[in-house]
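Have your viewer ready, try each task yourself, and then compare your steps with ours.

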Amino acid sequence: LNLIYRKPKTKRAKRFLEKREPKLKENTKNAMLIKGGNANLTVTEVLKDIYAVKKPFAVLYKKKNITRPFEDQTSLEFFSKKSDCSLFLFGSHNKKRPNNLIIGRMFDYHVLDMIELGIEKFVSLKDVKNSKCPEGTKPMLIFAGDMFEVNEEYRRLKSLLIDFFRGPSVPSIRLAGLEYVLHFTAVDGKIYMRSYKVLLKKSGCKIPRIELEEMGPSLDLVMRRTHLASDDLYKLSLKQPKALKPKKKKNISHDVFGTTYGRIHMQKQDLGKLQTRKMKGLKKRPAEKSAEDGGVSPKKSKSA
């Protein structure tokens, strides 16, 4: 392929290309939500609710796209490059795999890994008549179940879900901002997704009493097919640039209590030349100075 690189002609085009360039600190990952050619009402509602949770870092494709990600990934890679999205959620429905979701992520605009999930039960946002969190709220993610630590496929699914829902990196957090919880439970071969709104109520002390109120959406999922990246490709996708790696500090150690100790290397100090406090009583007399130099005091030479 003969690729021709054209320089941007306008400042707007230049800014657009600069946003997509590789950076030391990457932008917040965007997700594209794609509806398959035979998506039913349930799958469509799930995609809409996930889009509402993920906004503003998401793109929802409303038209149906006839594609099969496990057989052909070229259309997903095309959409990824077009919309600059590194995460995707594809919804479809057929007789063999009803109410089907495929969640995955990209690396260098190519599919890194994806996992197929079947929807067994779904409660939408509008079915739960409670107050909702504002758009763009960063959720707290909780994972329960030994399968997320023991099984490799579930461990990769956990990593995928964290990537998908984590939101932007923030330097500081305020207590009132912790108002949204996404809870994932893996038990008996199923994955239960629940979302709650955190209510901070009076407790009579500084620490508030916390209550969880179900907000929606809630999903009961079962794992189907998986397409996982090889260990070498997965390690390559996790590689960090050298500029981000912390520099090793020499002669510094830490004990079990977290105290930092530093070792300083100094030359041997001559205490005779040490500058002390200048006092009249400590001032050396001329006789003492000459004695130190190895000479004879003037008084003794006169008596001789």
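**Exercise 1. How many bridges join S8 to strand S10, and in which sense do the two strands run?**

Before starting, note that this is a predicted model, in which local features need pLDDT of at least 70 and side-chain atom pairs count only at pLDDT 80 or more, while totals for chains, interfaces and linings use all residues. Residues are numbered from 1 along each chain as its sequence is written, and side-chain values use heavy atoms, with hydrogens and water left out.

Solution. 

Step 1. Find the elements. Helices (H or I, at least four residues) and strands (E, at least two) are DSSP runs, numbered from the N terminus. S10 covers residues 218-227, and S8 covers residues 190-201.

Step 2. Apply the pairing rule: two strands pair if DSSP finds at least two bridges between them. S8 and S10 are joined by four bridges and run antiparallel. Within this pairing, lysine 190 faces valine 222 of S10.

Step 3. Look at the other partners of S8. With S9 (residues 209-214), S8 pairs over six bridges, again in the antiparallel sense; here tyrosine 196 stands opposite glutamate 214. Histidine 183 has arginine 194 in S8 as its bridge partner.

Step 4. Inspect the turn. The hairpin of S7 and S8 has two residues between the strands, and aspartate 188 takes a positive phi near 55 degrees there.

**Exercise 2. Trace the salt bridges of arginine 156.**

Solution. 

Step 1. The structure holds 16 of them.

Step 2. Arginine 156 and aspartate 113 form a salt bridge, with their closest N and O atoms 3.4 Å apart. The pair links distant parts of the chain, helix H5 and strand S5, 43 residues apart. Both arginine 156 and aspartate 113 are buried.

Step 3. Take the local partner. Glutamate 152 also forms a salt bridge with arginine 156, at 3.4 Å between the closest N and O atoms. These two residues both lie in H5, four residues apart, about one turn of the helix. Glutamate 152 counts as partly exposed because its relative accessible area is 37%, whereas arginine 156 is buried because its value is 4%.

Step 4. Widen the view. Salt bridges that share partners join Lys29, Arg105, Asp113, Glu152, Arg155, Arg156 and Asp163 into one network.

**Exercise 3. Where does the backbone show a cis peptide bond or a positive phi?**

Solution. 

Step 1. Recall the background: most residues other than glycine have a negative phi, and most peptide bonds are trans.

Step 2. Check omega. The bond from lysine 55 to proline 56 is cis, with omega near 0 degrees. Proline 56 lies in the loop between helix H2 (41-54) and strand S2 (58-65).

Step 3. Check phi. Aspartate 108 has a positive phi of about 60 degrees, and tyrosine 109 has a positive phi near 60 degrees. Aspartate 108 is in the loop between S4 and S5, where tyrosine 109 is also found.

Step 4. Finish with accessibility. Aspartate 108 counts as exposed because its relative accessibility is 57%, while tyrosine 109 is partly exposed because its value is 27%.

Definitions and conventions
Salt bridge = Lys/Arg side-chain N within 4 Å of Asp/Glu carboxyl O. Buried < 20%, exposed > 50% of the residue type's maximum accessible area, 1.4 Å probe, protein only.
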